[in-house]
Amino acid sequence: MSRYREVFEGKGGRFIIRNAEGTDAPRLFTYMDHVDRETVFLAREPGEFAESYTLEQEEELLRRWAEGDEKLFLIAETEGGELAATCGCFYSKGRRRSRHIGEIAVSVRQDFWRMGLGRRMMSIQLDWCREHQIEKLKLTVDTQNTRALGLYFSLGFQVEGKLCGEGKLADGTCQDVYAMAKFF
Ligand SMILES: CC(C)(COP(=O)(O)OP(=O)(O)OC[C@H]1O[C@@H](n2cnc3c(N)ncnc32)[C@H](O)[C@@H]1OP(=O)(O)O)[C@@H](O)C(=O)NCCC(=O)NCCS
């Protein structure tokens with residue numbers, strides 16, 4: 001089981017960082033809708049998250065992740081119970097040729113940027129990767145996303161290559177991304 005819980009003293013606020021549970025599904029819908037509206041650096045257009053899953057499907061997914069050992073899906077919540085950030089990391093044990101590879105994604109609500117949440121949640125995931133014998137952790141990031149790039153470089157990720165036109169915004173603008181990885 002991938003269980004985690006801590007109280008994190010951020011710069012300017014206190015948060016609980018823990019596994020998401022099935023009962024967090026409704027708040028996750030609200031959170032995803034919010035963050036998808038405030039940045040173009042996540043993989044969805046606003047509203048797409050709610051179009052992709054029903055509440056029941058999301059509850060079931062979160063329950064499965066919390067009970068399983070192949071994914072750690074963390075949320076950070078304020079003392080008032082508001083979702084401030086999410087960070088998910090996974091690998092597949094069933095594939096012997098690639099079970100040493102993990103994938104990670106992080107998002108922080110803009111009201112809570114620069115408080116240390118992104119760095120703390122990524123660091124917890126790096127420890128989880130070490131515990132699970134993951135040797136390579138990968139992610140993709142928009143080449144214009146200087147905040148995220150600053151975070152990833154400082155945690156030891158390196159650019160492996162550039163993928164052109166990997167995303168297309170509603171106004172037709174194409175997005176290039178870097179494939180990045182950290183080797184343990
Ligand atoms: C990128 C993101 C996760 C950073 O989260 P955060 O909680 O604000 O980050 P932290 O406060 O932990 O800061 C971590 C590091 O990020 C880097 N960083 C943050 N803002 C930066 C900026 N404006 N320019 C350059 N580096 C920056 C710094 O290295 C910083 O470390 P420092 O505070 O020791 O200098 C957050 O801005 C976010 O969710 N953005 C929108 C969604 C997104 O882009 N997700 C990543 C998709 S690949």
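1. Helices (H or I, at least four residues) and strands (E, at least two) are DSSP runs, numbered from the N terminus.

2. On the basis of the note: this is a predicted model, in which local features need pLDDT of at least 70 and side-chain atom pairs count only at pLDDT 80 or more, while totals for chains, interfaces and linings use all residues. Residues are numbered from 1 along each chain as its sequence is written, and side-chain values use heavy atoms, with hydrogens and water left out.

3. The sheet is open and has 8 strands in the order 1-2-3-4-5-6-8-7, with mixed pairing; two strands pair if DSSP finds at least two bridges between them. Strand 1 (5–10) and strand 7 (158–168) each have a single partner strand and stand at the edges, so one side of each is left without a neighbour in the sheet. From one strand to the next, the twist averages 25°.

4. Strand 6 (residues 136–142) pairs with strand 8 in the antiparallel sense over 7 bridges, and within this pairing K136 has F183 of strand 8 as its bridge partner.

5. Strand 8 (residues 174–183) also holds Q175, which is buried at a relative accessible area of 14% (buried means under 20% relative accessible area, exposed over 50%, partly exposed in between, with a 1.4 Å probe and protein chains only). Leaving aside residues up to four places away in sequence, Q175 touches V40, D142, C164, G165, E166, G167, K168 and L169, where contact means heavy atoms within 4.5 Å.

6. Helix 4 (residues 117–131) lies across strand 1, strand 2 (13–19), strand 3 (71–78), strand 4 (83–90), strand 5 (101–108), strand 6 and strand 8, and runs at about 25° to strand 4. Axes are lines fitted to C-alpha atoms, for helices over the stretch in contact, and angles run from 0 to 180 degrees between N-to-C directions. The buried residues of helix 4 are L117, G118, M121, M122, I124, Q125, L126, W128 and C129. Just after this helix, Q133 takes a positive phi of about 55°.

7. The structure holds 18 salt bridges, a salt bridge being a side-chain nitrogen of Lys or Arg within 4 Å of a carboxyl oxygen of Asp or Glu. One of them joins R18 to E77, with the closest N and O atoms 3.1 Å apart. Since R18 lies in strand 2 and E77 in strand 3, the pair ties together parts that are 59 residues apart in sequence.

8. R37 meets D33 with the closest N and O atoms 2.9 Å apart, and both belong to helix 1 (residues 25–38), 4 residues apart, or about one turn of the helix; R37 counts as exposed at 55% relative accessibility, whereas D33 is partly exposed at 29%. In helix 3 (residues 55–67), E60 and R64 are likewise separated by about one helical turn, being 4 residues apart, and their side chains meet at 3.7 Å, N to O. E60 is partly exposed, with a relative accessible area of 36%, and R64 is partly exposed at 48%. An α-helix has 3.6 residues a turn, so residues three or four places apart point the same way.
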